[in-house]
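Subject: Two-chain model, handover and findings

Hello,

The structure we talked about is pasted below, with the sequence. My notes follow it; please read them beside the coordinates.

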Amino acid sequence: MYIGPFYFDTKEIFLILAAIFLGLAIAFNWPLWWFDKRVLLTLVILILITKGLLPAIHNEAFFILVITTIFLTLYLPIFQIILFYFISFILFRFLKVI
Amino acid sequence: MQKLKIFIIIAVSFLTVKLLTPQIFLANTPRINPLFVAHLKNSPYYLVNLPANILAYLKNTVKNTTANIAQNTSRMTDSLMVKTGNQTSSLSQKSKISAISNSSSTNNRSTTQTSSVSQRTGPYVKDQPLSVFPTQLPQPTLLPVPSDWKRLPAEKEEIVSAVDKLASVTPPPQASFLPVAEGVSVYKKDSSSNEIILKIDKGTQYTVEHFQLPNGEIREIIVLE
């Protein structure tokens with residue numbers, strides 16, 4: 001789908017939708033079991049930024065990393081989550097996974 | 001192969017975050033732990049002294065083993081003497097024992113000397129990095145509110161006044177604060193008093209709640225979000 005000069009993948013549109021929903025949940029105080037809304041919103045923004053830097057062929061590695069990161073938000077503080085995300089990305093690059 | 005790599009990377013990253021982060025960063029914030037910086041500064045000294053240290057350690061181990069063997073032999077000869085009860089043999093045993101005990105005592109003496117030397121010349125003193133913090137700094141812990149404290153209904157005016165009161169304290173200019181959580185650090189006025197100054201950075205989200213203790217005293221609790 002084209003929005004102006006930019007082409008958006010289906011997954012990116014879903015991510016943007018998720019970000020909008022999270023923003024609404026924070027604004028209207030909708031309850032979200034177990035997950036911290038602000039942490040999730042931060043993660044979605046980071047995922048959007050990093051997804052913009054990746055070609056579509058690396059979707060699988062990216063998918064596994066994102067799922068793991070979202071799951072870990074249940075157990076780890078946000079700083080450790082962000083570190084985990086960036087360290088994994090750097091290692092993906094060094095070991096030529098992406 | 002690719003999938004295996006992905007899982008290994010995720011496992012390595014997770015272990016790195018869980019094991020190394022608490023030592024490098026402070027209280028899950030991007031601030032670097034001063035103790036870690038102190039360790040880094042000490043590391044060249046530690047590395048230079050490492051071979052000498054290993055040699056000293058090995059020397060100590062060998063001497064200790066010799067001393068232990070000598071002591072064990074003397075114990076064995078003691079028990080032998082009790083069992084035989086023969087005067088002549090016991091005399092000869094006694095002389096042996098005295099010789100062994102002399103040698104073991106000299107061994108012990110030399111061991112203690114070596115260990116004291118190794119302690120003096122040891123490359124790394126564990127307490128040294130603590131000098132980064134002034135001694136008056138406390139080691140605070142963030143505790144949950146006790147169950148017998150009664151939460152009072154918070155009104156907006158009350159919260160505002162409490163925040164004003166908190167913000168009105170001016171710490172001394174040379175005060176060094178110890179970060180305890182994201183955006184929160186503490187400073188203890190002096191070692192004699194229990195008064196603690198709490199610094200909350202601009203932008204840190206928190207609320208002030210009021211609790212009534214069982215003895216009727218009302219306390220303000222800062223709840224970090």
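Ala27(B) sits in the loop between helix H2 (21-24) and helix H3 (34-84) of chain B. Its phi is near 50°, a positive value in a residue other than glycine. Asn28(B) is found in that loop between H2 and H3 of chain B too, and has a positive phi of about 55° although it is not a glycine. Most residues other than glycine have a negative phi. Ala27(B) counts as partly exposed because it has 17 C-beta neighbours inside 10 Å. Asn28(B) has 16 other C-beta atoms within 10 Å, so it is partly exposed as well. Please keep in mind that this is a predicted model.

Now the chains as a whole. Chain A has four helices and two strands, and its elements run β-β-α-α-α-α from the N terminus on. Of the 98 residues in chain A, 19% are buried. Among contacts in chain A between residues at least 6 apart in sequence, 52% join residues at least 24 apart.

Chain B has five helices and six strands. Read along the sequence, the pattern of chain B is α-α-α-α-β-α-β-β-β-β-β. Buried residues make up 5% of its 225 residues. Among contacts in chain B between residues at least 6 apart in sequence, 59% join residues at least 24 apart.

Next, where the chains meet. In chain A, 15 residues are in contact with 14 residues of chain B. Helix H3 (59-72) and helix H4 (78-94) of chain A each supply at least two residues of the side of chain A that touches chain B. H4(A) gives the most to that side, with eight residues. By class, the side of chain A that touches chain B has 12 nonpolar, three polar and no charged residues.

The two helices of chain A named there also pack on each other. How do the axes of H3(A) and H4(A) cross, and at what angle? They come within 10 Å and cross at roughly 160°. An angle over 145 degrees counts as roughly antiparallel, so H3(A) is roughly antiparallel to H4(A). The crossing of H3(A) and H4(A) is right-handed. On the H3(A) side the contact is made by Ala61(A), Leu65(A), Thr69(A) and Leu72(A), and on the H4(A) side by Ile81(A), Phe84(A), Tyr85(A), Ser88(A) and Phe92(A). By class, this contact of H3(A) with H4(A) has seven nonpolar, two polar and no charged residues.

Which residues touch the most other members of the largest nonpolar core? Of the 15 residues in that core, they are Ala61(A), Phe84(A), Phe92(A), Val97(A), Ile6(B) and Ile9(B). The elements that give two or more residues to this core are H3 and H4 of chain A together with helix H1 (2-19) of chain B. H4(A) gives the most to this core, with six residues. Phe84(A), leaving aside its neighbours within four places in sequence, is in contact with Thr69(A), Leu72(A), Ser13(B), Phe14(B) and Val17(B). Another core, of five residues, lies apart from the largest one, and among its members are Leu22(A), Leu43(A), Val44(A) and Ile47(A).

Val223(B) lies in strand S6 (residues 218-224) of chain B. Is Val223(B) buried or exposed? Val223(B) has 10 other C-beta atoms within 10 Å, so it is exposed. Not counting residues up to four places away in sequence, Val223(B) touches Tyr206(B), Thr207(B) and Glu209(B). The C-alpha atoms of Val223(B) and Gln205(B) are separated by 8.8 Å, and these two residues are 18 residues apart along the chain.

His210(B) has its place in strand S5 (residues 206-212) of chain B. With 18 other C-beta atoms within 10 Å, His210(B) is partly exposed. His210(B) and Trp149(B) are 61 residues apart along the chain, and their C-alpha atoms are separated by 9.6 Å.

Regards

Methods. Residues numbered from 1 in each chain as written. Chains lettered and ligands numbered in written order. Predicted model: local features only at pLDDT ≥ 70, side-chain atom pairs only at ≥ 80, totals over all residues. Contact = placed C-beta atoms within 7 Å. Nonpolar A, V, L, I, M, F, W, Y, C, P; charged D, E, K, R; others polar. Buried ≥ 20, exposed ≤ 12 C-beta atoms within 10 Å, placed from the backbone. Axes fitted to C-alpha atoms, helices over the stretch in contact; angles between N-to-C directions. Parallel < 35°, antiparallel > 145°, perpendicular 65-115°, else oblique. Left-handed = near helix turned anticlockwise from the far one by under 90°. Core = buried A, V, L, I, M, F, W, Y, C linked by C-beta atoms within 7 Å.
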